[in-house]
Amino acid sequence: MTTSDDDVLHVHPDRLLPSEPGLRTIARELYDSVKDLPIISPHGHVPPQWLADDVPFEDPTSLLITPDHYVNRLLHANGVSLADLGVNQETFTDEQKRNAFRLLCANWKAYRGTPVKFWFESELADIFGITLAPSEANADAIYDQIAEAIATPEFRPRALYKKFDIEFIATTDDPVDDLRFHEKLAGDPTWEGKVAPTFRPDKYLEPATEAWNGLVDRLGEVAGVDTGTYAGWVAAMENRRAFFKDRGAVSSDHSHRDPGAVKLDDAEAERLYAKARAGEITPEEGDALRRDFVFQQARMASEDGLVMTMHPAVYRNHHAESFERYGADVGGDIPMGVEFTNNLRPLLSAFGTNPNFQLVLFTIDETVYSRELAPLAGFYPSVYVGVPWWFIDEPDAIRRFRRAVTGSGAGFGRTSGFIDDTRAFLSIPARHDMSRRLDAGYLAELVGEHRLTMDEALDTAYDLVVTQPRKAFKL
Amino acid sequence: MTTSDDDVLHVHPDRLLPSEPGLRTIARELYDSVKDLPIISPHGHVPPQWLADDVPFEDPTSLLITPDHYVNRLLHANGVSLADLGVNQETFTDEQKRNAFRLLCANWKAYRGTPVKFWFESELADIFGITLAPSEANADAIYDQIAEAIATPEFRPRALYKKFDIEFIATTDDPVDDLRFHEKLAGDPTWEGKVAPTFRPDKYLEPATEAWNGLVDRLGEVAGVDTGTYAGWVAAMENRRAFFKDRGAVSSDHSHRDPGAVKLDDAEAERLYAKARAGEITPEEGDALRRDFVFQQARMASEDGLVMTMHPAVYRNHHAESFERYGADVGGDIPMGVEFTNNLRPLLSAFGTNPNFQLVLFTIDETVYSRELAPLAGFYPSVYVGVPWWFIDEPDAIRRFRRAVTGSGAGFGRTSGFIDDTRAFLSIPARHDMSRRLDAGYLAELVGEHRLTMDEALDTAYDLVVTQPRKAFKL
Amino acid sequence: MTTSDDDVLHVHPDRLLPSEPGLRTIARELYDSVKDLPIISPHGHVPPQWLADDVPFEDPTSLLITPDHYVNRLLHANGVSLADLGVNQETFTDEQKRNAFRLLCANWKAYRGTPVKFWFESELADIFGITLAPSEANADAIYDQIAEAIATPEFRPRALYKKFDIEFIATTDDPVDDLRFHEKLAGDPTWEGKVAPTFRPDKYLEPATEAWNGLVDRLGEVAGVDTGTYAGWVAAMENRRAFFKDRGAVSSDHSHRDPGAVKLDDAEAERLYAKARAGEITPEEGDALRRDFVFQQARMASEDGLVMTMHPAVYRNHHAESFERYGADVGGDIPMGVEFTNNLRPLLSAFGTNPNFQLVLFTIDETVYSRELAPLAGFYPSVYVGVPWWFIDEPDAIRRFRRAVTGSGAGFGRTSGFIDDTRAFLSIPARHDMSRRLDAGYLAELVGEHRLTMDEALDTAYDLVVTQPRKAFKL
């Protein structure tokens, strides 16, 4: 194979920095000052077993394609079946895996302008040392080079954790999880990293769903509490939160269709709980009880000190047939509009100035940045504005985020620091790198317009990588 | 008259390209690569008779002012009566026409920063060779020069169609239209262009309006079907869609107050249809039946293959008195908020992965770009994000569009390509030119930040002008 | 104390102008052409007594911190108690004042990227000639320098009014206010300024609040009208509006949770009014009657010619406990989403083309700029789009404002001109200066992209500072 310029993978050292020469010079200095700082990752979805058991990665496709809904969904939109990418397949042969990788490379053009292109090309270049651009012609060569690499000890999860210079990483876990992998890591004298669980109780807070009663039974068993009553549910939750906190958890995470949190009076809560346990609660009552449950989580947070994070307003499994064939988390979740000012008022009136309470608010609905989130975080000492997440964790949206929240009330000190929110372990360095580049670019704009001095910008660049995540997540 | 600098029309060859010198160089190369490609116009409002009969344009005012609500509305906001611009006037004398043109020129300052200025000045310079800037002093001279030009054969619609290098243009037509002008063009051996009708059935889908029963009667007559029953309505629609498709239609267009599409069960649909035919349907029931009708259109589209386009959420004829005096489409339509994620779920669960179905979603509510439209188009193979339309078909909004939809999930390949959506035939080249300049500018940003190579950007610039409209509209 | 570079206050002459050298050159020329024009301030909250009695300022803290919720709220978010800033404190000692100033300086970093930093540093440098940057170490020195200055005659309100070159300023006043300070100024032959009252009747239009009946009693007393009936309420309002207009008022201001304005039929209005007077109105009925009251205000405006301004959709006193301890206007107000297209249709159908009626629409919900406000202002001759206000009166949001409203229909001529909306008298020059710099920057972009000629941009820069506020507020 001859190599034309089209075949070369272009990974420019200044990528994502402002193109205007004056700003680029400023941004490069800012970026250089933070690019090698350790990674703090307080919210994500990496399986703890990978690190506990140092599980070797099997093949390029099951590492980079099958489990990554960012990658899958755009191939699906371009007519590729999720089955052909290995999603939810009982058997998936070596040839099928190689073919999935070919499908990705053949459709590489579809990712132009998306962050997947940046992350993936960074991974290829920086982690695997690949110099070929993804294309139909290069697919096999790239596949082979990755396959060869991940067969070596240098590409085992623990080695990569060290190579990536991760200082702290949080996983996301079910309240009934025994956290055995976290315990194994904690008890392993050869392990020097820090992997914390995160308490994610969503499905136990949705009493109108079919699965709820079974889940709450199981919650009771694990907690050793009778969840037949509302008080039992509360006690079981408090028990499991304590269990998580003992094992290093710093936060609980909540993702419902709206961020509502409203305390019912006790009798009404008891009544609805009983109806739910009898399987007779209506959807509207289910919403009311769920909002009470969320309020209870906030109350617990104000006592046990776990940081509360919210990722609200996503329509899960939007395409019914895909959900049936492939299950959840396969790219079929679609955001919706969200409202915080009214929805959070009861919660914030109760706990908003409680010094033990912290609430990090994420959104995919950008309209709330200047209208609701920055004004809230600029008043309540408990509230932090979460950085862009999911569909808007991408360069243009990250710029909009800083330009919307900073001046309209939050400054930099009321924002969360970067979270990668990913199950794609190998993309973590690239995701944090993207954030650092873009924050450097925004700060360069402020310096270029004499809104900040260079000293202030350098200090702020450091804060965004180190101080803010530590403060927002109590690390 | 002496000519000062104020009198000179400034139409810079680099207008709308980025001002930063490095980006401008890149953008100019990208723009140069696409600026002379033929025009594909898959959605618009040019009267087909103009081309069928090659109707000569009468005078500058009835060509450029009276029918163009973009031009009229801002004059109206500045205190000019629509009557003085010839809107809905039975008689409008030559002197009144000349006076209307003077009013436009005297108020030219009002258009600063709006796309009308770009389009109109481009038309003056590029089509008419005018070198004077619009002003009270220049109004008559410009009027005379245009009047002189349009009296010549070179300014007849067919000659301009050829001069504009239009490859394909769609009109917008009533389902009961006999499409005689489309047939005349198709049967004319001297005509080499391509003019397709578009099926626009909105008013037949609004059963709570006063006009509906009469319209549906007429629909039945034209289709040769008894529309006394729901099944008859469906059959008549299928019949007319087939008629349109036979005559070259590639799409149907839908503009309701919300994009809801929900199938009723058959009995309920029958019941509401009967109530509507009896003139007894309530507004709420009318909405429910309309959403069922829209669902039916999607079902038909999945069978006959016509692309479905939606332009939802406009409050038509917002100012009652203006509507009474001047009729519809005179500038008094005002956009509203829109919601796609929930509204489209039933439709997309039914047809979203049907290979025969395509849905192009337009919006004037920019909040849905990153929140709903890009995520939808980045998953469903049927969904395309429509380019900015109407009030947001303007430079700053077009930039926001690309910056919002590209990275948040749609890339470039899930967008519609440019549509001009205009009845102002002479503005078509300027509108497509504006789009090409701005897309070149956005791509230049990506190249300048090393997010795309120049080769990738050149390929994408071509795709946006040629590949995407062909793909989205099945051309 | 030795002075390091960190100690120096950096106030660059080109701050907030575009950083790209070509655009900066253009922007500087535009800015220079308007920077010294007099200040027109048609909406704000400066106490008229300050100017009427030429009250000397007491101390730096009660001048710059205690009454300014922009400053307070971000300190509160950073853990500083409002009590420690002097908010609602019966006694507040000199040492406490000095300590409050130290708290501000020690937390100065929190304001990075916010407009407070720009305003405050401009005030320090331009008004007080301070060359030290705020910091814990510099706090006392800066405090002393300000304290010394405000003890001199040059820093009395009237002297500053003259120094600031204010041409017109409006205060905001209760309908029952006797406007004695405005009368004193009007009757003072030594006073050459222009201070107009603004009619702000919000609380008299909220019939479901506890305070309403007492307020309406008092309104009746002051107006000399029996407000026992709906007709009496209307007459009292007309009476007080006339009183205000006689004393120079040019506008009335309205801030409710939504901008709804719907005329009830007379019998229903009477019925709800009677219920409200009996203290028996429900919240829903209260909203309906309030919207009727707002409609009445518009009707009055179309007769007496006072410009109507709206600042809707703020959740007042969001944190109950802070409201109880510190009262209103202490930084705890949080914006909400807003809808204009439907809410204003009845009002605009009634008065939208009335030549005596003008309506200036402000928003903190940026989503309505291109979707609703620019389209409304680009059609209705009565409607002006208000400039960014409150949380979005900051550089990045001001840019978004111009980029969103100009091209989508309003141009420049349908916008309000700058309003400072502040009670912080000393920040007025800096606020107007910020606006002028940013408008110069936006116009420079248009010139740089050849969308405007330099002559057009210079003319527009002047219009935005002089012509537009005069037109929008009938000055």
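Q: Before we start, what kind of model is this?
A: It is a predicted model.

Q: How do you know that chain B and chain A meet through different surfaces?
A: Only 5% of the interface residues of chain B are also interface residues in chain A, so these copies use different surfaces. For chain C the figure is only 4%, so chain C and chain A also meet through different surfaces.

Q: What makes chain A agree with a compact globule?
A: For 475 residues, the rule expects a radius of gyration near 23 Å; chain A has 23 Å, so the two agree. Along the principal axes, the C-alpha atoms of chain A fill a box of roughly 75 × 60 × 45 Å. Chain A has 19 helices and nine strands.

Q: How many residues put chain B in contact with chain A, and how much area do the two bury?
A: On the chain B side 42 residues are in contact with 49 residues of chain A. Together the two chains bury about 3,700 Å², with 52% of that on carbon and sulfur atoms. B:Arg371, B:Phe379 and B:Arg451 supply 20% of the area that chain B buries against chain A, more than any other three residues.

Q: Why is the pair A:Lys109 and B:Asp459 called a salt bridge?
A: The side chains meet at 3.1 Å, N to O. The cut-off for a Lys or Arg nitrogen and an Asp or Glu carboxyl oxygen is within 4 Å, so the pair qualifies. The count between chain B and chain A is seven salt bridges, and there are 30 residue pairs in polar contact.

Q: Which helix gives the most to the side of chain B that touches chain A?
A: That is H16(B), with seven residues. By class, this side of chain B has 14 nonpolar, 16 polar and 12 charged residues.

Q: What is the extent of the interface of chain C and chain A?
A: Here 50 residues of chain C are in contact with 42 residues of chain A. The buried area is about 3,700 Å², and carbon and sulfur atoms give 52% of it. C:Arg112, C:His318 and C:His319 supply 18% of the area that chain C buries against chain A, more than any other three residues.

Q: How do you know that A:Arg371 and C:Asp365 form a salt bridge?
A: Their side chains are 3.1 Å apart, N to O. A salt bridge needs such atoms within 4 Å, so this pair counts as one. Between chain C and chain A the count is seven salt bridges, and 30 residue pairs are in polar contact.

Q: Which elements of chain C supply at least two residues each to the side that touches chain A?
A: Among them are helix H1 (21–34), helix H6 (115–127) and strand E7 (334–335) of chain C. By class, the side of chain C that touches chain A has 17 nonpolar, 15 polar and 18 charged residues.

Technical notes: Residues numbered from 1 in each chain as written. Chains lettered and ligands numbered in written order. Predicted model: local features only at pLDDT ≥ 70, side-chain atom pairs only at ≥ 80, totals over all residues. Heavy atoms only, no water. Contact = heavy atoms within 4.5 Å. Buried area = accessible area lost by both parts, 1.4 Å probe. Polar contact = N/O pair within 3.5 Å; in protein donor to acceptor, adjacent residues only side chain to side chain. Helix = DSSP H or I, 4+ residues; strand = E, 2+ residues; numbered from the N terminus. Nonpolar A, V, L, I, M, F, W, Y, C, P; charged D, E, K, R; others polar. Rg over C-alpha atoms; globule rule 2.2 N^0.38 Å.
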